[in-house]
Amino acid sequence: MRSLTGYAGIVVAVVAIAMSVYHVYARLTTHAPDQYALLFITLGFSLVLAFLLWPGRKGTTPDRIPWLDLGLTVLSLACIGYMFVKYDYVVNRFPTAHPLTVLDMTVGIVGILLVLEGTRRTIGAALPVVAIVFLAYGLLGQWLGGFLHHRGLTSEITIDQSWFTTEGVFGVPLSVAGTYVILFIIFGAFLERSGAGTFFMNFANAIAGGARGGPGKVAVVSSSLFGTISGSAVANVMTTGWLTIPLMKKTGFKPEAAAAIEAVASTGGPIMPPIMGAAAFVMAEFLGASYTEVMIAAAIPAFLYYGALFAAIHFNAARGGLRGLAREELPILRHIMVAQAHLFLPVIVLLVLLFMGFTPTYGAIIATGGLIAISWLRPATGLRPKACLEALRDGAIHTVPVAMACACAGIVIGIVLQTGLALRFTGFLVSFTEGSLVLALMITMMASIILGMGMPTTPAYIMQAALLVPAIVKLGVEPMAAHMFAFYFSCLSAVTPPVALAVYAAVTISGGSLWMAGLHAVKFAAAGFVVPYFFVFNPSLLFFGSWDEILRAAVTGSVGVIALAASLEGYFLRRATWYERLLLFAGALMLIDPNVLTDAVGAAVLAAALLSQKLRAVRQPRPAE
């Protein structure tokens, strides 16, 4: 991204601030333009900032805007301006029934190309390439065979569907970005400017830094809290990793293990309530549910994910004889809480508002306003006007990649809907798997991970929601569980080799082997790969069912993920033998499955593993560590 100064920097800052202010204003007033106008304005701002801030090639003109990009900016304004000039025509016409004029076709083609280029610049080429493939599929479907065959779309219908309807670029994904996501990103930007990131890090150090493997546990606490600010695995790594990874290496963790721990901890940010990644808001729209319902459903799996990672770090450190940080290196919790505990209040306010039934948009705005007021409880850290303007600027800029990804994903959704591919693909998948839910889940898992290797979580999840999730639902899975399954594995692609973007980011800090760090990351994230299968088969892990079922699922699941971590690390009360690791692994899987019979058997198996460790301890006293 370009680092602009002078007049160019001022202009970009003004545009970004205007984008944030408009979206806040649009949610607070009844006089704002309707949803169509909001979508046009969201895309207009996003395209302008994409071409002003992101160069066409990496390493080119980092401190100035070339004429080509200025031209693309003007072209973007022209395309969006056309939508307003012909506003009544665009909004009230019947798609495909009223033919497009030559000028309509020209604007549509240029607009689609601008979206593809803006997306390529901000998040990479993978998603635009996928969109181009789907556009080609729409045009060439009559020459394809099998379930891919369709009668073929004309160029006019393709452009109409992709640009002039609310089932293409201006579809549900972009609507979510312009309605919900930007407000939460703005809230995160204000949190960051208030010093919350530093507070979260100090808080984590104070409560966990001195424990066995303390810096690794600090990474878990700080990254889960920092996920509230960023919602991005790579952003989490590059923010918290510069402190946690060197500390982990200092206390004895291998470089690959340190990188893996930070990457896995940061990857949990988008699945961690109360503020999850943008895909969670898209999920709520697809399900026709409130964001609060999605947030509640995600709570137990997120707790199990981080609980398993915390346990794995502890067992890894115990096996290696590692210690925590010295007391004199740790901040004092009482001092931190006195100075900055007020920064927890905005997040608490947001949670309370969501549970009271406020919409996420109002919740985010009120929490942001509350944060500004609360920050003045400590005048030294109060959000002054300059800091507020910088937060508004940063919020808009951080929204641009999300908005561009959503707009580009909308092209794919439009083609899928127009060609009927989703229904045919669902039928094909059900037939191919012969009704086997496990096989369908495995295919969805692999597709989620593969798509997530080349694109952010949100568009990767959207692809799954359009093509694979309907098949899982047809096989009898609760819709929330089906969508959450795809969402989880889209997130976990960040730590799954061979790409593993979060691991790659962490290795740049820690050094060491990228491949070995990736293998460590898969081990540390094991619960994330296992738990989704269990909440598909028994949704009590997603708060479906009676309270006693939910409580039992949470308790036995917690014990299960601890046993899973012990099995993979080869340590529980002491170093585990191969058969104790097998017992721990089998017991873990049965305990994670929220079923009375499997829980009872799992508890017995786990008890056998513990008894074996105790008996060995009696026969051979445990050496001092």
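Visitor: Where is the place of P274?

Guide: In this predicted model, P274 lies in the loop between helix 12 (255-267) and helix 13 (278-287). The peptide bond leading from P273 to P274 is cis, with omega near 10°.

Visitor: Why does E434 count as exposed?

Guide: Exposed requires over 50% relative accessible area. E434 has 73% relative accessibility, and therefore it counts as exposed. This residue belongs to the loop between helix 19 (421-432) and helix 20 (437-454). Although E434 is not a glycine, its phi is positive, at about 55°.

Visitor: Why does F543 count as partly exposed?

Guide: The partly exposed class lies between the buried limit, under 20%, and the exposed limit, over 50%. F543 has 30% relative accessibility, so it counts as partly exposed. F543 is also not a glycine, yet has a positive phi of about 70°. Its location is the loop between helix 26 (526-537) and helix 27 (547-569).

Visitor: Why is S612 called buried?

Guide: Buried means under 20% relative accessible area. The value for S612 is 13%, so the residue is buried. S612 is placed in helix 29 (residues 596-619).

Visitor: What makes the pairing of the S612 and E580 side chains a polar contact?

Guide: The cut-off for a pair of N or O atoms is within 3.5 Å. The side chains of S612 and E580 make their polar contact at 2.6 Å.

Visitor: Which residues is S612 in contact with, leaving aside its neighbours within four places in sequence?

Guide: With those neighbours set aside, S612 is in contact with Y579 and E580.

Definitions and conventions
Residues are numbered from 1 along each chain as its sequence is written. This is a predicted model: local features need pLDDT of at least 70, side-chain atom pairs count only at pLDDT 80 or more; totals for chains, interfaces and linings use all residues. Side-chain values use heavy atoms; hydrogens and water are left out. Helices (H or I, at least four residues) and strands (E, at least two) are DSSP runs, numbered from the N terminus. Buried means under 20% relative accessible area, exposed over 50%, partly exposed in between (1.4 Å probe, protein chains only). A polar contact is a pair of N or O atoms within 3.5 Å; within protein, one must be able to donate a hydrogen and the other to accept it, and residues adjacent in sequence count only if both atoms are side-chain atoms. Contact means heavy atoms within 4.5 Å.
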